[in-house]
Amino acid sequence: MSGQDEATASRTALRVCPLCEATCGLTLTIEGTKVTGARGDRDDVFSQGFICPKGASFAEVDSDPDRLTGPLVRKDGTLQEATWSEAFDLVAARMRPLIEEYGPNSVGVVLGNPNVHTMAGALYPPVLLSLLRTRSLFTASTVDQMPKHVSSGLLFGDPLAIPVPDLDRTDHLLLLGANPLDSNGSLCTAPDFPGKLKALRRRGGTLVVVDPRRTRTAKIADRHVPIRPGTDALLLAALAQVLFEEKLTDPGVLEEQVEDLAEVREAVRDFTPEAVAAACDIPADEIRLLARGLAAAPTAAVYGRVGSSTVEFGTLANWLVDVLNIITGNLDRPGGALFPLSATAPSPRPAGPGKGFALGRWKSRVGGHPEAKGELPLAALAEEIDTPGEGRVRALIAIAANPVLSAPDGLRLDRALSEHLDFMVSVDPYLNETSLHADVVLPPPPPSQSAHFDFAFNAFAVRNQARYSPPAVPLEDGRMDESEIHARLILAVSGMHGAEPSAVDDLVIERALTKAVAAPHSPLHGGDPEHLAALLTGRGGPERRLDLMLRLGPYDLVLEDLLANPHGVDLGPLKPRLPQVLKTRSGKVELLPGPIAADLPRLRRALDERPAAGLVLVGRRHLRSNNSWLHNIPSLNGGSNRCTLQVHPDDAVRLGLTDGGGARISAEGGELEVPVEVTDAVRAGVVSLPHGWGHDREGARMAVAAASPGVNVNQLLDGSRLDPLSGTAVLNGFPVEVTPIS
């Protein structure tokens, strides 16, 4: 075959989709070196051919003409094309003096949601943080799932020990604040989540959806409960109260592994169905039926997501989800909620007491917000930059993050990035609303040119499995591998600029092996680190690190096993893992930890507060979107994926709003003008506006998104509304005013 024929030859390649948490297997069609199509991989051990519109758009995402092809460096006030050497030289020259003069906390690090969707994003930011030693860490977690990390940390001693519903075997599923038919699941990695819910009903199971919107998920449920937004914790507490009061609790074998059952019963005593009914706008009799249905099911699981996290009682709601799973005996058993065991998780240690989990080890400089899981609230980023004084954040490293759209009060953050930073680096494929402020932009290559392994999402998967995708096409000339970008950035900011990128991986491998050979429960205990390092296989540092993690993991796997099984290695259904998973100081599930008990009086006060008479706002997800990333893809932009304000017909009549007309919506953070969509999919008293929009900043280079910019719903917030335990922004259930625009 001639060189020209090779350049145009058609072939296929397998790839795990990186565009949402479902991690479906794809079969890519490739013409020469260009991806031209994507379909589901029917032989994938996990997704078995399922694909959603996002996965089907992989070729468009990969070849988006607005993706940056090389680094940009700010010269004379404007971002201009530069060489990779120029870019990293500038990072080293500007960042190190700031750190040496003002200390490591003067450098803020922002990690966005796409980090956990790439292999490099999972492997390298932890190394950056360990070498940089900054406490100024902000991530997307505090506008999403941090309440679950905090509640899991307090209950189980490990913020990453998050049980997931056993979708394939459960008899009864209670969903709160989740719409997996559009989101494909979250903190619950499950390809074809819709199919699993339909299978649940076909086998005679029950699906209950609690949501103020009649979502696509709610439409297929046996029961839809249109709760008043923000009151999930009150409903869950009332369910627990009924179970205790009617003697329907049955922890079973869990009882010996749980502390404080009696204390929890006393803690929820006041939350009777009658006491919470008015606040939740759910009749007391219906609350009792929900509790009895949960108790009567042979197996059951309660699952709550972003709608019950980004509210004022987010941590309490997530705690109560697990309380219900525990007191019904459904935690850690098939058909209930189980702890996944990833192939790259450390080999299980012997059961016993651990170090536990602590909150508030330090606080933010301006607002005094306590850290959670080493992070400060993303809502506090702007004030940490623009408020003068010692310890101010003077430099920022933003990795796959767009906080101008994802954090409350993006206008303030927009000004802070523009006017108050001494230096900023952004690792991002686009010049978007945040990266346009950077002094250096480092763009990773398209996903087809990168290897892929799901380190994060396999830890939340509803079935244990492992899949690895080598790059589908070679790296284009002038591009830099994403892992090398991260490694060179680490070297530049840590004082090792000029060293080989492989030095970063070698350092990580050396540290991991030194620790492993000294740990009695490690499969490599007693070995020689140098000899073990020489055994590692792989084409470069990331593959060698993956090989090491597999060898240290629980399944006796090596990299060659994954390469020999391109459709994946099935590791079986989830299994009970308690008490081994526990890292609490007691070695048991600590059902009523101190911080939770201290926050419960705040929830009790909500029983006496009259519900707001006006409108409250909730967000929404779209199947063809993922936060702010995918609005520049033509096939994903349009149709139902629109930035409209959904309003119930009764509210529309009362307020003088018309379908397709305009409305002005305002709250403490500002006001927006947005088109109205009149629909009974939202309950009366509630309006819904999707997040991730607002692509109207001058200087951004995302033409498709800019043509339909929408508005940034987070601009309605000023950052003052936070869940106190987790620092998570209250993005749902806050009051707004809506007036028509003629």
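Helix α4 (residues 84–102) lies across β4 (72–75), β6, β15, β16 (423–427) and β17 (440–442). The helix runs at about 135° to β16. Contact here means heavy atoms within 4.5 Å. Axes are lines fitted to C-alpha atoms, for helices over the stretch in contact, with angles from 0 to 180 degrees between N-to-C directions. Helix α6 (residues 125–132) also packs on the sheet, touching β6, β7 and β15. Its direction makes about 165° with that of β6.

This is a predicted model: local features need pLDDT of at least 70, side-chain atom pairs count only at pLDDT 80 or more, and totals for chains, interfaces and linings use all residues. Residues are numbered from 1 along each chain as its sequence is written, and side-chain values use heavy atoms, leaving out hydrogens and water.

Helices (H or I, at least four residues) and strands (E, at least two) are DSSP runs, numbered from the N terminus. Two strands pair if DSSP finds at least two bridges between them.

The seven-strand sheet is open, with mixed pairing, in the order β5-β4-β17-β16-β15-β6-β7. Its edge strands are β5 (78–81) and β7 (137–139). Neighbouring strands are turned by 20° on average, direction ignored. In this sheet, Val107 stands opposite Ala395 in β15.

Another open sheet has three strands, ordered β1-β2-β3, with antiparallel pairing. Its edges are β1 (10–16) and β3 (34–40). The twist averages 30° from one strand to the next. Leu28 has Ala38 in β3 as its bridge partner.

| Strand pair | Bridges | Direction |
|---|---|---|
| β2 (residues 25–31) and β3 | Six bridges | antiparallel |
| β6 (residues 107–111) and β15 (residues 395–399) | Five bridges | parallel |
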